[in-house]
Amino acid sequence: MDPFVLARIQFATNISFHILFPAITIGLAWMLLFFRIRFTQTGDKAWEYAYFFWVKIFALTFAMGVVSGITMSFQFGTNWPGFMEKAGNVAGPLLGYEVLSAFFLEASFLGIMLFGKDRVSNRLHLLSTFLVAFGTTLSAFWILSLNSWMQTPAGIQMVDGVVMVEDWWAVIFNPSFPYRFFHMLIASFLTAAFLISGVSAWRARSGVDGPATWKVMRAGVGVAAILAPLQIFIGDLHGLNTLEHQPAKVAAMEAVWETESAVPFNLIAFPDEQARENRLAIQIPYAASLILTHDPQGEVQGLNEFAGEHPPVAMVFWSFRVMLAIGGLMVLVSWWASWQLRGGREPHRALLLTLSAMTFSGWIAVLAGWYVTEIGRQPWIVQDLISVQEVVADHASATMTGTLLGYVLLYAFLLVSYIGAMRHMATKPAASQALGPVTFTTQPSAQH
Amino acid sequence: MEFWLPIIYMAAMGLALLIYVILDGYDLGVGILLPLAEESEKDTMIASIGPFWDANETWIVLGVGILLIAFPLAHGIVLTHLYLPVTIMLMGLILRGVAFDLRVKAGDHRRALWNRAFFAGSLISAMAQGWMLGAYVTGLRDGSTSVLFSVLIALTLPALYVVLGCGWLNMKTEGTLQRKSHLWGGRAIWPMGLGLGLISIATPLVSPAIAAKWFSLPNALWLAPIPLVTLASFVGIVLTLRTSSEQQAAQPWRVFGLTVLICLMASLGLAYSLFPHIIIGQMTIWEASASVSSLLFTLVGVALTLPMILAYTFVVYRIFHGKATALSYD
């Protein structure tokens, strides 16, 4: 196979695997801080149990993120050496700031957070939990700044094909950065919220629950009910920003071929790049114009304006729809769950089933969202300035195929092990959890 | 500025990689020793490195980060050339890193599997790093001498890590496990010494440019402390490892400290051999350097954060000082 295609598949495999774990830890770190503070405030052992139950899963997830992240830091050079040669003046410092300000902070205080309970004061342990959460968010800040700069480059000049920085402020706070940063932060909180409610629901259904399980489920559902609608709002702002700076990506997201007014929204369509049209489109009239321009008659640029320089359409189009569908589902489920759990009520079994089924829904939405934005940037590595084709390393196809196979097998094995370990931890009966008054226990099979 | 900035960054990169070799070196060494220990001792061994390994591993990210920040033109060449050993090292580090948690969290029936993964990951990473070092020192050229040299270092770097790991276990454990670490150290020291000796002889033979820098007067005179201190440290380790276990336990720092001294001397020697090249015979640090504006921008961050990093690293080591207790991932 073409080494270029192999390099892209390999990088996509790595980055897709990697993002699964930060997507959990960024949000979960703050939730752990919340559990920790609640315990300090109330002295309720259930909050302490919640903290130490979830900190184990956090540690495992964090380790998965660390090791796959180190892979990323090397693959920039092994797979895309030209990127560093051309854009190193921006990419280097931003990645450097991530390592210096965030990686060491998280890694050092994680040790205290996990093992320091009996060795440090409550205050220092709280502070460590905060610093780990702060570090994960700071890490996201730098890496999303760089990624956004690749989408909407600013503050630079090209001198002999090399990026030279003129204004660091403009580089870091480039046009798409605020939207992408908050979109990803909220995505991570939603991923973590559905993870903790899903695992709690699973524990409740299996009868290994206790007071902590229900506190955690309420916290997760509450966070989701507030953030899921907010995410749709931020996502809309992000989309408008993309329309302004990367119209070809938006045209692919909506599978709009011709520039026209009063564009319908394709609910379902099968974009055909050869024929440059959609087959079997089910549409909502005026909706795309309304969403993108906030005017039913608004004009939307079509893909044909960017012939030869637009991303593959079907992948972007479908990824976008998967993300939207899960986002919508998250709103419905979190509101339904809030209603069911209101005032300490006992939830219906169907809710517990639904929440368990949604345990990893955040992962799918996060991956789909990143596919939209990353595939949507193609054929550029830095939008309109540097193409992916011109920065690829020239390794032998056989080498690339071999290492790709190695990565795929390793990651598949790790993913199975990760979910297996989580299942194992979630199944453990909460012996020490039987502390404090039990508000209600669920024995779903007996009650429903 | 254009002259000094690349030198500052070269020094910072060398320092980050030296710290990595020492800190993750003992982690990897402990991992390589794992199959030799009893089941109950394995938990103590891993508990002794548990709070530290993550931050230790971050130093290699900083090292490769500085290569990327300061020398973007060399970054691509080095990593493209080292593609295979880097990939193998990464897979090793991945296995080792996740095994910390999975060996206790995936259930008792999986523990033996993850202990093996921990060992294999540690050994694979150590060997791949040796291979990378060998290929780098010979100027990233293909050819049989280069391959032979890389194989040589790939086989000896794990021995150095094992000696570091033994020194670490002497400080952090007690009783039977501590006595075993003395025994293991006594065995690993010989392949390590042999490797260091062969590398010292082979490096000038492989690279005439390096030979010229070392064996001309008066350079040879003021460089003499480097091999002499290395040799003295080596003899010191050998003599210490021959004393009784009680005596070694009474001097917990000695083996570890002397091995660190050897690493320091080796890195000074290497830095002298390389300078001013970032890739021997191909590219100097000035040719590979990023723009002054970018280097200055990052230097501000380095100046602000590095003292903080060192400070809280110190705090973490203070908090977890003393013998490793049965702190558990479970």
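Helices here are DSSP runs of H or I with at least four residues, strands are E runs of at least two, and both are numbered from the N terminus. This is a predicted model: local features need pLDDT of at least 70, side-chain atom pairs count only at pLDDT 80 or more, and totals for chains, interfaces and linings use all residues. Residues are numbered from 1 along each chain as its sequence is written, chains are lettered from A and ligands numbered from 1 in the order in which they are written, and side-chain values use heavy atoms, with hydrogens and water left out.

**Helix α6(A) and its partner**
- α6(A) has 30 residues and reaches 43 Å from its first C-alpha to its last. That is close to the expected 44 Å, taken as 1.5 Å times one less than the number of residues.
- Of its 30 residues, 23 are buried, so α6(A) is largely enclosed by the rest of the structure. Buried means under 20% relative accessible area, exposed over 50%, partly exposed in between (1.4 Å probe, protein chains only).
- The axes of α6(A) (residues 177-206) and α12(A) come within 8 Å and cross at roughly 160°. Axes are lines fitted to C-alpha atoms, for helices over the stretch in contact, and angles run from 0 to 180 degrees between N-to-C directions.
- This makes α6(A) roughly antiparallel to α12(A) (over 145 degrees; under 35 is roughly parallel, 65 to 115 roughly perpendicular, the rest oblique).
- Contact residues (heavy atoms within 4.5 Å) include Met184(A) and Phe194(A) of α6(A), and Trp363(A) and Trp370(A) of α12(A).

**Across the chains**
- Helix α13(A) (residues 397-427) packs with α5(B) at about 10°, axes 11 Å apart. That makes the pair roughly parallel.
- Among the residues that meet are Leu410(A) and Leu414(A) in α13(A), and Met91(B) and Ile94(B) in α5(B).

**A loop in chain B**
- Asp108(B) sits in the loop between α5 (83-105) and α6 (111-137) of chain B.
- Asp108(B) is exposed, with a relative accessible area of 64%.
- The C-alpha atoms of Asp108(B) and Gly193(B) are separated by 39 Å, at 85 residues apart along the chain.

**Confidence in chain A**
- The mean is lowest in α14(A) (residues 444-447), at 34, and highest in α12(A) (residues 361-375), at 95.
- Over residues 432-448 of chain A the pLDDT is below 50. Beyond near neighbours in sequence, that stretch has 34 contacts in the model.

Notes. pLDDT is the predictor's confidence in each residue, from 0 to 100.
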